[in-house]
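This briefing is meant for a reader who is meeting the structure for the first time.

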Amino acid sequence: MQRDQISVSAAAWDQMRDGRPVRLYTLANRAGLQVCATDYGCTIVSLTAPDRDGQPTDVVLGYDRLADYMANSAYMGCVVGRYANRIAAGRFTLDGRTYTLATNSASGGLPCHLHGGRVGFDKRLWESEPVTEAGAAGVRFHRRSPDGEEGYPGNLDVTVEYWLTDRNELRVEYDATCDAPTVVNLTQHMYFNLGGHDRGTILDHELMIAAERLTPVNAGLIPTGEYVPVAGTPFDFRTPTVVGLRIDAEHAQLQYGGGYDLNFVLDQRDIQRQPAATLCDPTSGRRLELFATTPGLQFYSGNFLDSSHIGKGGHPYQRRAGLCLETQHYPDSPNHAHFPSTVLRPGQQYRHTAVYRFSTR
């Protein structure tokens with residue numbers, strides 16, 4: 001299937017343990033940008049982008065085999081949900097009723113619900129089909145998350161679309177509806193290394209985040225409910241700053257996560273013209289601009305990776321081999337009434353868009 005020199009193709013990739021086929025979709029444009037994604041977890045398996053000399057390299061971490069995605073929990077390249085990030089103690093109250101979710105993480109010894117639970121959206125096989133529009137080609141994923149899944153109320157119909165455009169953009173569109181009040185927070189969990197997935201760490205990358213404030217956390221990486229300014233702290237990325245410059249500073253917010261693992265409050269801006277974040281690799285010249293419609297952006301510097309994660313081509317992913325820029329609502333929002341609401345009710349529509357624009361300098 002092809003439109004304006006942008007192609008989408010589908011092929012059998014593997015199968016689930018119960019025999020259901022797993023497919024791999026390849027999106028490619030004439031500028032050399034290529035995205036491979038599978039219907040297992042809406043996972044982006046590879047993203048190949050040219051450097052300043054036109055040489056293509058895969059710039060996202062991942063695995064060669066489905067079995068590795070099924071066995072590991074680093075959330076490489078997948079869509080996470082029903083609620084991305086953390087919910088304290090795996091509990092929240094909605095309309096006077098308390099819901100108990102699966103707890104699958106315990107940073108700082110404090111249990112929480114992380115990225116949708118034990119079997120979140122990243123561990124599910126989605127329905128899928130190729131799609132096209134003028135100037136873009138893509139793949140549409142859909143699944144119905146049943147009432148009670150991982151403890152969440154209500155049936156949730158979710159659609160995620162990946163679109164590759166002739167502007168060298170990967171556009172990710174999220175859409176969801178429900179039949180009972182629930183909470184929703186979806187994101188894409190790609191680990192980027194713009195030098196190449198097998199090229200060391202991201203400590204020399206330059207990062208800009210358009211945020212004046214962040215939401216600080218406790219030892220369990222759960223927001224305290226405060227907003228604090230980034231000015232004068234290791235979290236000030238309002239101008240391009242080398243990631244490794246202050247990552248090991250003696251600051252409690254860095255020590256809790258072993259590096260950056262915090263939600264930045266995206267400032268009011270023209271979301272079509274002003275990126276929420278910009279990431280550059282000075283060696284290859286690759287540049288990523290991230291545009292987002294969400295109120296928050298989680299910057300995670302790959303602190304919990306270690307060389308036991310054997311990635312594509314047999315390459316061990318060391319600590320900080322990649323970083324994540326997760327467009328999202330704030331962590332633990334259901335337990336903080338003053339945070340932007342993540343409640344979705346029947347008749348409403350959850351929707352957000354993230355655009356990853358690639359270039360060189």
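This is a predicted model: local features need pLDDT of at least 70, side-chain atom pairs count only at pLDDT 80 or more; totals for chains, interfaces and linings use all residues.

Residues are numbered from 1 along each chain as its sequence is written, and side-chain values use heavy atoms, with hydrogens and water left out.

**The chain as a whole**

- The chain contains two helices and 28 strands, where helices (H or I, at least four residues) and strands (E, at least two) are DSSP runs numbered from the N terminus.
- The radius of gyration of the chain is 19 Å, which agrees with the value near 21 Å that a compact globule of 361 residues would have; this radius is taken over C-alpha atoms, and the globule rule is 2.2 Å times the number of residues to the power 0.38.
- Along its principal axes, the C-alpha trace spans about 55 × 50 × 40 Å.
- Of the 361 residues, 59% count as buried, a term that stands for under 20% relative accessible area, with exposed being over 50% and partly exposed in between (1.4 Å probe, protein chains only).
- Among contacts between residues at least 6 apart in sequence, 66% join residues at least 24 apart, a contact being heavy atoms within 4.5 Å.

**Strands and sheet**

- Nine strands form an open sheet with antiparallel pairing, in the order β12-β13-β14-β15-β28-β24-β23-β18-β21; two strands pair if DSSP finds at least two bridges between them.
- The edges of this sheet are β12 (127–133) and β21 (241–242), each of which pairs on one side only.
- Seven bridges join β12 to the antiparallel strand β13 (residues 136–145), and S128 stands opposite F141 in β13.
- Strand β15 (residues 169–178) has eight of its 10 residues buried, so it is largely enclosed by the rest of the structure.
- On one side, β15 is joined in the antiparallel sense to strand β14 (residues 156–165) by nine bridges, with C178 in β15 as the bridge partner of L156.
- The hairpin of β14 and β15 has three residues between the strands, and there N168 takes a positive phi near 60°.
- β15 also pairs with strand β28 (residues 350–360), again antiparallel, over eight bridges, and the partner of E169 in β28 is R357.
- Strands β2 (residues 6–15) and β3 (residues 21–28) run antiparallel and are joined by eight bridges; they form a hairpin with five residues between them, in whose turn G19 has a positive phi of about 95°.

**Nonpolar cores**

- The largest nonpolar core has 66 residues, and those with the most contacts inside it are L47, Y162, F264, F299, Y356 and F358; such a core is a set of buried Ala, Val, Leu, Ile, Met, Phe, Trp, Tyr and Cys residues joined through side-chain atoms within 4.5 Å.
- A second, separate core of 20 residues includes M16, V45, Y63 and L125.
- L94, in strand β9 (residues 91–94), is buried at a relative accessible area of 7%, and, leaving aside residues up to four places away in sequence, L94 touches Y99, P181, T182, V343 and R345.

**Aromatic rings and charges**

- There are 16 aromatic pairs, counted when rings of Phe, Tyr and Trp (its six-membered ring) have centres within 6.5 Å, with planes under 30 degrees apart called stacked, over 60 edge-to-face and the rest tilted.
- The rings of Y227 and Y330 have centres 6.2 Å apart and planes at 75°, so this pair is edge-to-face.
- Because Y227 lies in the loop between β19 (211–215) and β20 (228–229), and Y330 in the loop between β26 (324–328) and β27 (343–344), the pair ties together parts 103 residues apart in sequence.
- Y227 is partly exposed at 27% relative accessibility, whereas Y330 is buried at 4%.
- Y260 and F299 form a stacked pair, 4.9 Å centre to centre with 25° between the planes, and both Y260 and F299 are buried.
- Ring pairs link F235, F237, Y260 and F299 into a cluster.
- The charged end of R213 sits over the ring of Y227, 4.6 Å from its centre, and that of R246 sits over the ring of F237 at 5.4 Å; the rule asks for NZ of Lys or CZ of Arg within 6 Å of the ring centre and within 35 degrees of the ring normal.
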